Amino acid sequence: MSILEIKDVTVRFETKNGQLTALEDISLAIADREFSVIVGPSGCGKSTLLRLVAGLQPATSGVALLEGRPIRGPSVERGMVFQSYTLFPWLTVEKNVQFGPTLKGMPSAERDAIAKKFLGQVGLSGFEKAYPEQLSGGMRQRVALARALANDPKILLMDEPFGALDSQTRSLMQELLVGIWERAHKTVLFITHDIEEAIFLADHVYVMSARPGRIKKQVQITIPRPRTLEVLTSPEFVAFKRDILDVMYEESVRAASVRPI
Amino acid sequence: MAKNETKVGQEVPLSGVFTPKQEIPVRLYFSVSVLTGISLFGLWALLTYGGLIRPDFLAPPHMVVVAAYEGIADGSLIEHTVSSVVVIFSGFILASIVAVPLGILMGSFRIVQAMVEPVTNFMRYLPVSAMIPLLILWIGIGIEEKIAVIFLGTFFQQLILISDVSARVLKDLIDVSYTLGANRRQVVTRVLVPACMPGVMDNLRVTMGWAWTYLVVAELVAANSGLGYMILNAMRGLFSEVILLGIFVIGLLGLLTDQVFKLARRLLLPWSATF
């Protein structure tokens, strides 16, 4: 059963150089408790699509539905992790994670338990009283993940959350995320331009075309779970990669010939 | 320096004090700073004790010390200082109370910006002294007029600077707050305002410096106390040692407030890296 449905969505922006179509007639259905990854060349509108689901970007036409209800604005139902560092620098790690629960008016004992639980899950027990400034990039993104999870969203949106990290840290973060997801089975919609990252994480990979963005191909990733970084070199992984690369290469060439925003 | 500069093709030695952005030993830094201070003092002493400049124009160091001693002994220096500090702080605090919230709103709400920015950009290029005749007409020549001069001198600058701080708060920080369940009011009170605080503190420190620079202008008209008044009054009698004393006291108070601001920032905003 699908929890999220995107129906014939088109998003256009007014720019100085005229109108820009970021998304055109996109339709997509995301199954409940699945890990879905949208992969596409840079500038294909994949972030716009995620912001649309978050409620941060209105559609020019069409509609996005969460559990059958149209999305009209941001809410706690749809938690988001950004590529940029978005921890609140004036709050400790613990208070960052408790930001959502605090807004809900949750009593402090419960909040403490939640912070403890999710900081434990992302491997940051002992950093409760640290300030974001004192953490590395990877640690900050782990806190951002814990903060989103602590709010218990119906769907977790992730916009290239590991894009700014070095490749070793990125691999570790992917493994950590897969581990958390395999235990929690929360619905995740994840955006990336990194094909390996997409295959490693996903149940379903959606390949987006260059602007205007459309869903060009859908691939079900049947690699068994639990997954570790070792699957990256397995024959089936490589087969998926070749399959998606072919489509992506075509699109990247097209994307390179489209003028930037 | 130019003599041993390398030619094309030669390796560039990246050490020494003439390399841009190169660190130098802490001891060297302090030695040079102290040396500059001593040299300036030495030049002052040479010009005055050497008889090169008449004491009416530039009093020798010991006369300034004597003037300071006399001023403290008869209480007049303290009285002038207190009077100036009251004017400066009243004007500065009043300006800040309005400029900080208004600036934060102006930088993040286009509607507030549309309302306030044109007037602000007009006002902030006006010399405050041009407003003095109007101020006197409106509020007279009491302490209120002096406070108003400091207010006008700092308020519009603060407004622009703080609006800029607010405008630079990352949109993602605001957006993530919505996805965590914050409403628009909570985004302002719990995210925008705290995110602005380091920038606000830094700019209050900078504009405090400007407030001090308006002191003499503020005490130009119909004052009977204050450091600015003391300086202007000394000019009429050619008491250059009193003028110098006034300048030193203002400089020292400025230095002191600057340090207080730095300390306050460290205490109030321990999470934000300091300069």
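In chain A, residues A:I114, A:A115, A:F118, A:L119 and A:Q121 of helix α4 meet A:A146, A:L149 and A:A150 of helix α5. By class, this contact between α4(A) and α5(A) holds seven nonpolar residues, one polar residue and no charged residues. The model is predicted.

**Helix pair α4 and α5**

- Helix α4 of chain A spans residues 108–121, and helix α5 of chain A spans residues 137–150.
- Their axes come within 9 Å and cross at roughly 135°.
- The crossing of α4(A) past α5(A) is right-handed.

**Sheet of chain A**

- An open sheet in chain A is built from four strands in the order β2-β1-β4-β5, with antiparallel pairing.
- The edges are taken by β2 (18–31) and β5 (69–70) of chain A; each has a single partner strand, so one side of each has no neighbour in the sheet.
- Strand β1 of chain A, residues 2–15, runs antiparallel to β2(A) and is joined to it by ten bridges.
- Within this pair of strands, A:V9 stands opposite A:I26 of β2(A).
- In general, strands of a sheet pair through backbone hydrogen bonds, in either a parallel or an antiparallel manner.

**Domains of chain A**

- Chain A is divided into two parts: domain 1 covers 2–77 + 158–256, and domain 2 covers 89–152.
- The centres of domain 1 and domain 2 of chain A, taken over C-alpha atoms, are separated by 26 Å.
- Nine residues from domain 1 of chain A and eight residues from domain 2 of chain A take part in the contact between them.
- On the domain 1 side of this contact in chain A, eight residues are nonpolar, one is polar and none is charged.

**Contact with chain B**

- Where chains A and B touch, 21 residues of chain A are in contact with 16 residues of chain B.
- On the chain A side, the elements that give two or more residues are β6 (78–81) and α3 (99–103).
- The chain A side that touches chain B divides by class into twelve nonpolar, five polar and four charged residues.

How values were computed:
Residues are numbered from 1 along each chain as its sequence is written. Chains are lettered from A and ligands numbered from 1 in the order in which they are written. This is a predicted model: local features need pLDDT of at least 70, side-chain atom pairs count only at pLDDT 80 or more; totals for chains, interfaces and linings use all residues. Two residues are in contact if their C-beta atoms, placed from the backbone, lie within 7 Å. Ala, Val, Leu, Ile, Met, Phe, Trp, Tyr, Cys and Pro count as nonpolar, Asp, Glu, Lys and Arg as charged, and the others, Gly among them, as polar. Two strands pair if DSSP finds at least two bridges between them. Domain bounds come from an automatic or database domain assignment. Axes are lines fitted to C-alpha atoms, for helices over the stretch in contact, and angles run from 0 to 180 degrees between N-to-C directions. A crossing is left-handed if the near helix is turned anticlockwise from the far one by less than a right angle, and right-handed if clockwise.
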